[in-house]
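The points are grouped by topic.

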Amino acid sequence: NSGVDPSFCCFLRFDEIKEGDVVRHEGKRSDGYLEHIFKHAAKELFGMDVKEITYKALKNKDFQEVTLEKDGETVLRFAAAYGFRNIQNLVLKLKKGKFLYHFVEVLACPGGCLNGKGQAQTEDGKPDKALLNQMEEVYAAVPVRLPETNLHVQKMYQDWLEGIDSKKAQETLHTQYSAVNQTASNLDIKW
């Protein structure tokens, strides 16, 4: 038993996807879904239709912030933290109670996914900037389709999760976090 619900297996078929069906999420790069989630949250929570978002670099180009203001008040504050140094700084802020963000996109690779160690590098192990730019251009040329408009996603919600607001969808896709008291050990990372 693999632990996978057998009814879910029908959604894991990629043999029906054709080359023209390849799409990407919103955003200028191949990183996470910060832009999509930000726009979706703005619309769902505040009735605001955000067309373009502006990233504000904070300490460096790999630690950026996106905010939404309504009536002069900041109502959404998202951050993108790429690279372990920026991730470590976020964890320290969280521990100190100075964490201002509603959502944080965390990627281990400085510069994002396309700049990862498994990607294009020169022979001396440094990023190949020309090839990286070319990959970003190719990625940007792929058509955008919102995940909620994807027929496969809609079918998954309808057939497997029993609807968008169903109890099964809530139990499967949502979680809650609470503080955990950790015991000290030699293996703990001291951030």
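Predicted model: local features only at pLDDT ≥ 70, side-chain atom pairs only at ≥ 80, totals over all residues.

Rings of Phe, Tyr and Trp (its six-membered ring) are taken as a pair if their centres lie within 6.5 Å. On that basis, ring pairs join Phe38, Phe78 and Phe103 into a cluster.

**Overall architecture**

- The chain contains five helices and four strands, arranged along the sequence in the pattern α-β-β-β-α-β-α-α-α.
- Of its 191 residues, 25% count as buried.
- Among contacts with a separation of 6 or more, 50% are between residues 24 or more positions apart.
- The chain exposes about 14,100 Å², and carbon and sulfur atoms supply 54% of that area.

**Strand pairing**

- Strand E1 (residues 56–60) runs antiparallel to E2, and three bridges join them; in one of the pairings, Ala57 has Gln64 in E2 as its bridge partner.
- E1 and E2 form a hairpin, with two residues between the strands.
- E2 and E3 are also antiparallel, joined by eight bridges, and the partner of Thr67 in E3 is Arg77.
- The hairpin of E2 and E3 likewise has two residues between its strands, and Asp71 in the turn has a positive phi of about 55 degrees.

**Nonpolar cores**

- The largest nonpolar core has 14 residues, of which Phe38, Leu68, Leu76 and Phe78 touch the most other members.
- Helix H1 (34–46), strand E2 (63–70) and strand E3 (73–82) are the elements that each give two or more residues to this core.
- E3 provides the largest share of this core, with five residues.
- A second, separate core has five residues, including Phe63, Ala79, Ala81 and Tyr101.
- Beyond its neighbours within four places in sequence, Phe38 is in contact with Val50, Ile53, Val66, Thr67, Leu68, Leu76 and Phe78.

**Aromatic cluster**

- The count of aromatic pairs comes to three.
- Phe38 and Phe78 form an edge-to-face pair, at 5.1 Å centre to centre and with 85 degrees between the planes.
- This pair links distant parts of the chain, since Phe38 lies in helix H1 and Phe78 in strand E3, 40 residues apart.
- Phe38 counts as buried because its relative accessibility is 1%, and Phe78 is buried with a relative accessible area of 3%.
- Phe78 also pairs with Phe103 in a tilted arrangement, at 5.0 Å centre to centre and with 35 degrees between the planes.
- The second pair again links distant parts of the chain: Phe78 is in strand E3 and Phe103 in strand E4 (residues 103–107), 25 residues apart.
- Phe103 is partly exposed, with a relative accessible area of 24%.

- Glu65 is located in strand E2 and counts as buried because its relative accessibility is 9%, where the cut-off for buried is under 20%.
- The side chain of Glu65 makes polar contacts with the side chain of Arg77 at 3.5 Å and with the side chain of Tyr101 at 3.1 Å.
- Not counting residues up to four places away in sequence, Glu65 touches Thr54, Tyr55, Lys56, Leu58, Arg77, Phe78, Ala79 and Tyr101.
- Among these residues, Phe78 belongs to the largest nonpolar core, whereas Ala79 and Tyr101 belong to the second core.

Key: Residues numbered from 1 in each chain as written. Heavy atoms only, no water. Buried < 20%, exposed > 50% of the residue type's maximum accessible area, 1.4 Å probe, protein only. Contact = heavy atoms within 4.5 Å. Areas by Shrake-Rupley, 256 points an atom, 1.4 Å probe, with all protein chains shown as cover. Core = buried A, V, L, I, M, F, W, Y, C linked by side-chain atoms within 4.5 Å. Pairing = 2+ DSSP bridges. Polar contact = N/O pair within 3.5 Å; in protein donor to acceptor, adjacent residues only side chain to side chain. Phe/Tyr/Trp six-rings, centres within 6.5 Å; stacked < 30°, edge-to-face > 60°.
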